[in-house]
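Biologist: I am new to this structure and would like to go through it step by step. Could you show it to me before we begin?

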Amino acid sequence: MSSQPQIAIDKVAHVYRPPRGRPVLALEEISLQVQQREFVALLGPSGCGKSTLLYLIGGFLPVEKGSITVNGEPVKAPGPDRGIVFQHFALFPWKTVRDNILYGLERKTMPRAEREEQAQHFIDLVGLGGFEDSYPSQLSGGMKQRTALARTLAFDPSILLMDEPFGALDAQTRHLMQAELLSIWQRTPKTVIFVTHDVQEAVYLADRVAVMSARPGRIKTIVDTKFDKKDAGIFKSKGFVEKVDELWNLVRDEAIKAERRAP
Amino acid sequence: MKSAVFRYLPLVLLAMAWEATARLELVSSSALPPLSEVMVSWIDLVRTGELAGNTGASLYRAGAGLLLAIVIGTALGIGMAWWKPINVLLSPLVEIFYPLPKSALIPVTVIWLGFGNGSKILLIFMGCMIPVTISAFNGARSSEQTLVWSARSMGANRLRMLWDVVLPSAMPELLNGIRTALALSFILLVSSELIVAREGLGYLIGFLGANGSYEAMYAVVMTVSLLGFAADRGYQMLMNRMLRWREQTL
């Protein structure tokens, strides 16, 4: 992949200004390039600013220092080229599963029949057939996140921004969702930036893992984590275990530092 | 069905006590005419069309004032929550206006708009707008950041986002504010009509009372309270329907 990167982050810094109290330097000197169809994980302890970086790429927060370009264009506002999935699902609670998934499609010019067909396709893709008319409050955590994933995939963004999407799920559901995300990603290749503090999750899902340091958040190192993800025994393979170990050591120092510095 | 009968049993007891008190002349019959005679007067008022005409006039005033208050109050409340300059401009006005007893404005609205519908509609609009604005403001402020961001990333512009995310997020709180406004609209309606009006239920109560037709006066008072009750019940049903998506669990 020698083409220009799809996402180019250049020397980005971000100051978080709480309503009360002193401003906090959340990100400093962040540079990262992500190629088209690449799966990159941002790994780091809580409070390292990895979600903030994701929100900057999404256009939800203003880029005040440095630059972020997507397909060569500087990021100014949110746009349907970048879909986002949040940890706490962010489904519209007053809309049914189907209407949630239709929301992004309704913003596009598309005949109604085609919209409905698309929505149904993604409902089936994430295995929510039979729950189309349920409200989010009637769904389990895993089903809510499937709905959120389907909603984001449905309007076909070329980039998926995922903010600890499986962090609120129980361990078993999380495993299932990871495998499912991977298989969806392999079938409909998109560029993915995936924020997590789970080392194993990062190694399993991503092509590359950017390890972040705590406050101010910087990219400490970037580790290559390409594996044959279709291999069912991957979690026990020597290469995988070693990679997890290597990353774990990198993250642990930062986690300890973050703990000690926590206010 | 059975439980509904039991629920309203106290009302039946009250009606019986009323009838007995009046018939036994425990109080003077001009102060409290027997319920049965009140019912007879009510039927007379219906038959002559007096009740329907005045009810129509009153409902038009309350409805128009309330509708204006809901539309404008919601827009102002959401505007205040999402646009700082509107907040800076309006919040002191809301604060000052909030504790003012709106019935004090009855003479003012009459000077401005006369004895007809306009002054009542204006009064009800001004009084009801405050709870609607405040509840819309509080509701809109509580809308979740991630929902707003989700809508924006799916291609919703700012106005669209207000309509699609902020308004429904504010809805539970807003609907409660409107319920308060609904009750307030009846209070302001009747008091303004009692003081200066040539038609309407409040006017009818005052007119009948001044002429000593106490049975008929009671009949109109009961009509007003029944209308208020029916409006609140209907509104609650509507509200439950609109908030169906909440509090449902598997």
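Modeller: What follows is a short exchange of questions and answers about this structure.

Modeller: This is a predicted model, in which local features need pLDDT of at least 70 and side-chain atom pairs count only at pLDDT 80 or more, while totals for chains, interfaces and linings use all residues. Residues are numbered from 1 along each chain as its sequence is written, and chains are lettered from A and ligands numbered from 1 in the order in which they are written.

Biologist: How many helices and strands does chain B have?

Modeller: Helices (H or I, at least four residues) and strands (E, at least two) are DSSP runs, numbered from the N terminus. Read from the N terminus on, the elements of chain B run α-α-α-α-α-α-α-α-α-α-α. The secondary structure of chain B therefore comes to 11 helices and 0 strands.

Biologist: Which strands of chain A stand at the edges of the open sheet?

Modeller: This open sheet of 4 strands in chain A has the order 2-1-4-5 with antiparallel pairing, where two strands pair if DSSP finds at least two bridges between them. Strand 1 (residues 7-16) and strand 4 (residues 65-70) of chain A, for instance, pair over 5 bridges. Each edge strand has a single partner strand, so one side of each is left without a neighbour in the sheet, and these are strand 2 (24-34) and strand 5 (73-74) of chain A.

Biologist: Which residues touch the most other members of the largest nonpolar core?

Modeller: A nonpolar core is a set of buried Ala, Val, Leu, Ile, Met, Phe, Trp, Tyr and Cys residues joined through C-beta atoms within 7 Å, and a residue is buried if 20 or more other C-beta atoms, placed from the backbone, lie within 10 Å of its own. Of the 131 residues in the largest such core, those that touch the most other members are Leu43(A) and Ile193(A).

Biologist: How many residues of chain A are in contact with chain B?

Modeller: Two residues are in contact if their C-beta atoms, placed from the backbone, lie within 7 Å. On the side of chain B, 16 residues take part, and the largest share of that side, 6 residues, comes from helix 8 (residues 145-153). The residues of chain A in contact with them number 20.

Conventions:
Buried ≥ 20, exposed ≤ 12 C-beta atoms within 10 Å, placed from the backbone.
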